[in-house]
Amino acid sequence: MNGNGSVRVDAATSNLMDALRGVSAMIVACVHGFQVFVLPYYGVGSPSHTLTSLLATHAVTMFFIVSGFMIYISSLRHRNADGSFQTARFAVARILRIYPPLIAAIVITILVYLLIQLLDLHGRESFRLGGELFVARERAILEWSALPSTFFLLYGAVPGAPPPINMNGPLWTLSYEWWFYILIFLSARLGNGWSVSTLLPLAAIGVMLLYGRNALFLWFFLIWLGGFWLGHIYVKGQLFTDKFWPRATALAVSALIMMFVMGQGHLVSDLLNPLDTPSAQRMMVIVGVLLALVVAILIRWATSSGVAVPKAISGLARFSYTLYVIHYPLLLLSFSLLYPLLHNRGWMISLIAAAAVLAPISYIASKLALLVENRKLLSRLVPRTRYLQQRA
């Protein structure tokens with residue numbers, strides 16, 4: 001493979017990807033705000049719960065598709081002129097992408113827990129005041145023993161590793177993405193030549209995943225690979241040929257046929273509750289294929305129409321990752337402070353409160369991201385990674 005360090009995403013596609021990332025993060029934050037503040041009035045299984053959970057799940061699906069797309073581009077950029085893979089640079093880029101916001105999220109979660117405990121706020125013993133059909137968390141609790149698994153992103157992939165700290169639910173997806181990075185990193189290293197240092201970790205991860213039998217990891221990996229493959233055909237220019245529409249139509253029809261065949265007798269429930277059962281999770285992968293196809297169509301439209309994505313939307317990507325990983329503990333803190341005042345005042349008042357607290361949470365995320373998602377600043381902290389000043 002020739003060197004591909006000059007590979008670039010055109011401005012229209014870049015803005016579109018930013019918009020998809022930013023909107024997806026905002027959807028997840030808004031859904032969690034609704035579920036924390038409003039679902040006590042409706043409960044699990046209600047139409048509002050089903051709809052909001054569906055929105056959040058497929059916002060996460062979109063996150064993975066966009067991530068796969070951008071990592072394919074990044075894997076090409078991190079190559080020398082002779083096509084060899086720049087392993088150290090790619091690894092440092094991924095570490096600086098994942099870890100600063102993750103560390104901030106862990107610190108914020110611990111601080112929220114300590115505030116509730118030390119100030120004896122609502123939620124120290126229970127988040128219930130009576131009559132709730134649902135609470136996002138029964139009480140404020142921090143599993144200190146889970147901190148190593150959370151920090152090193154072992155959960156979800158390493159058999160026996162405890163789940164991430166309970167007060168920050170969205171972190172469950174972060175481990176998946178981290179291990180996807182590792183798999184692509186090791187696979188790309190194979191292009192530099194077969195070596196024990198590459199083959200042994202690949203084999204170990206394969207055995208680990210087979211032993212753990214985490215089907216959800218596999219399904220999200222397939223979704224992520226859908227974005228990775230989309231990046232491949234984008235770079236090859238295949239999104240912009242006359243053959244695109246026949247191929248896209250054939251893929252869509254095949255996916256729909258597979259959906260109906262697999263969903264006989266439970267199609268609607270599988271589509272509405274994508275994480276609940278093994279068959280629903282497989283259906284989620286098909287939906288992910290269709291969403292990747294939608295993204296492909298949007299890329300064609302964005303590059304040909306000349307219509308620019310508004311900066312107010314694409315700009316959300318500047319703090320989308322930070323918002324994603326810090327909003328949940330801040331929502332729980334807000335609920336702890338406000339719920340004694342909101343209790344039994346009706347769902348509309350709680351909905352207004354949820355909207356009101358999401359604004360400052362988003363503002364905090366945008367300011368914190370200036371530090372933890374600032375590539376230029378991070379590259380100065382690690383002098384040998386000044387290449388990260390370029391968009392990765």
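## Contacts of Trp 224

Leaving aside residues up to four places away in sequence, Trp 224 touches Phe 64, Ser 67, Gly 68, Ile 71, Phe 180, Tyr 181 and Ile 184; contact means heavy atoms within 4.5 Å. The model is predicted, with pLDDT of at least 70 needed for local features and 80 or more for side-chain atom pairs, while totals for chains, interfaces and linings use all residues. Residues are numbered from 1 along each chain as its sequence is written, and side-chain values use heavy atoms, without hydrogens and water.

## Nonpolar core

Trp 224 is also among the residues that touch the most other members of the largest nonpolar core, together with Phe 37, Phe 69, Leu 174, Phe 220 and Ile 299. This core has 119 residues. A nonpolar core is a set of buried Ala, Val, Leu, Ile, Met, Phe, Trp, Tyr and Cys residues joined through side-chain atoms within 4.5 Å. Buried means under 20% relative accessible area, exposed over 50%, and partly exposed in between (1.4 Å probe, protein chains only).

## Helix H2

Helix H2 covers residues 47-77; helices are DSSP runs of H or I with at least four residues, numbered from the N terminus. Because 27 of its 31 residues are buried, H2 is largely enclosed by the rest of the structure.

## Partly exposed positions

Phe 151 lies in helix H4 (residues 147-151) and is partly exposed, at 30% relative accessible area. Ala 359, in helix H13 (residues 347-372), is partly exposed at 48%. Between the C-alpha atoms of Ala 359 and Ile 286 there are 34 Å in space, and the two are 73 residues apart in sequence.

Methods:
Helix = DSSP H or I, 4+ residues; strand = E, 2+ residues; numbered from the N terminus. Expected span 1.5 Å × (residues − 1).
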